Amino acid sequence: SQPDVALVAAPPQTGAMGSHSMPISAVARHRLARCADDSPCSPSQRRYSMDATPSTRSPSSPAWSTPLASRPARVAVIAPGGGTGINGAVYAELGQRSDFVLDIVGRSRAPYDIYPECWQHGGPAPNLASFAEDVFRQQLPERSDCMVFGSRGGQVVLPILWELLGDRIPPSVCINGGCAMNLPQQVHWPAGAVTFLLLGGEDYFRGQSAPEQYIAETRRWVPSSNGTTAILYVSEMQHMPQAALLRSVLPIMLNAVRSWKATGRPPREEMRQLLAALNGDGWSGRLLYTRAPGDWAPAVDFSPFQVSRHVTNESDRLAEVSAAMSARAIEVTRQQELRDLFRASIVSTQRSGGAPFASACDRFHAAAQAALAKAATEGSRLTAEAAWSSRARPSLPLASGSMSPSAGAGPPTAHRLGGSFCDAPWSSPQLSLYCDQTPISRALGMGGSMKFNLSNGSRTTTPSPAHWPDFPPELHAHLIAMQAC
């Protein structure tokens, strides 16, 4: 591991707070004044150390402002609450990938790893609040593309960085969703913050709430001014995520928040990959995300047997009402943390690493159950796209494509596409392309039919890149061009 690098106070850049999405509170001004003290700390004054490697990047150019494909993403993991001990192997694997550079910031169970005084079991500095201020003072967020928080780090460190940085906070993944609770301190959730919350159905942060109520409570804390937040609820996840789960979802979530920050559009392609991974490993739960400020897209339910849009029912409405009466946030005590470590260590010894599916036989059984469920609900109805084929084609689990000619087109030419033959008039100036949606793409509103003019590349809809192999190579250039629009 890298040697500890002692924190040395440094003045923030002039004008760094100019992009706040709301007025700076008195508490924030007090924090900024304290962080602006540029006198170096003597060895006796050093309260704690951090394992983050210093960078020469200019704070005036945040790391997340660099184009996505130009370099590996620099990820800062806040160690207190981040599970860097029990899930250390997962973070080590992430750091060895060519597309990520990992910085572990701080240490769990260090003297400063306690709640602030406003919490029931909190204490004076050094604590997590003073730790967050030093993270800001060292300008670590400006040197990071993404940040990962967990448990008490999401409850204390992330809200303070939100208050100090505003919209300049890097896109973040918050494990356990600690920032979306009835916290003892006021939370200034920036309108431009990109945040992906990971919730667990077996997490004691859920308290006595039913799953529907827990999801509704979490969603209620996202301000209507913010349009860049996603929530992933996994029914089987514990407070310390199972290694198999974190290994599968964390890289995709990091890529998702980076893409969201760079493009300003919901990262539906990354969400499709996320749902495919969760469905394939046998996890169940729900995915929610905003399309615009205050506008939530239809939620997506997932399980080993199906992925589909959530159908709102009476329990959802009752959960929304009861969410307004949520209790105060749950603190992580040392005793509870030891219990979690013991439970997580047992799970880590399992052959599956905690994943519901331990063998290919389980996946085969799930696929069979999914086929039976689909047959029971949809019967033997053929889609309009399948009518263009000489025989019916399966719609689960892989996508398939077909093409239909425009009206008045000339003689068709046979093309091999999607496992069957269909006719396509390449001489026509316009084409209507049809791609059978997978259940995941259908739930996210992806795939579908697409119409465009070959002469100018205008489009109405664009299928997911996962569906591109269903189209002939001659059209790939048009698909790539339209995807970039």
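Which residues of the largest nonpolar core touch the most other members?

Author: This is a predicted model, in which local features need pLDDT of at least 70 and side-chain atom pairs count only at pLDDT 80 or more, while totals for chains, interfaces and linings use all residues. Residues are numbered from 1 along each chain as its sequence is written, and side-chain values use heavy atoms, with hydrogens and water left out.

The residues of the largest nonpolar core that touch the most other members are Val 148, Phe 196, Leu 232, Val 234, Leu 254, Leu 278 and Leu 444, out of 47 residues in that core. The main contributor is helix H6 (residues 243-263), which supplies eleven residues. A nonpolar core is a set of buried Ala, Val, Leu, Ile, Met, Phe, Trp, Tyr and Cys residues joined through side-chain atoms within 4.5 Å. Buried means under 20% relative accessible area, exposed means over 50%, and partly exposed lies in between (1.4 Å probe, protein chains only). Helices (H or I, at least four residues) and strands (E, at least two) are DSSP runs, numbered from the N terminus. In soluble globular proteins, nonpolar side chains tend to be buried together.

Leaving aside neighbours within four places in sequence, Val 148 is in contact (heavy atoms within 4.5 Å) with Val 75, Ala 76, Val 77, Ile 78, Tyr 91, Val 173, Ile 175, Leu 250 and Leu 254. Apart from this core lies another, of 46 residues, including Leu 158, Ile 169, Ala 180 and Ile 231.

Charged side chains also deserve attention. The structure holds eleven salt bridges, each being a side-chain nitrogen of Lys or Arg within 4 Å of a carboxyl oxygen of Asp or Glu. One of them joins Arg 74 to Asp 103, with the closest N and O atoms 2.8 Å apart. This pair links distant parts of the chain, since Arg 74 belongs to strand E3 (residues 73-78) and Asp 103 to strand E4 (residues 100-105), 29 residues apart. Arg 74 and Asp 103 are both buried.

Another salt bridge joins Glu 142 and Arg 168 (3.1 Å, N to O). Here the partners lie in loops 26 residues apart: Glu 142 between helix H3 (128-137) and strand E5 (146-150), Arg 168 between helix H4 (152-165) and strand E6 (172-175). Glu 142 counts as buried because its relative accessible area is 6%, and Arg 168 counts as buried because its value is 15%. Finally, Glu 212, Arg 286 and Asp 301 are linked in a network of salt bridges.
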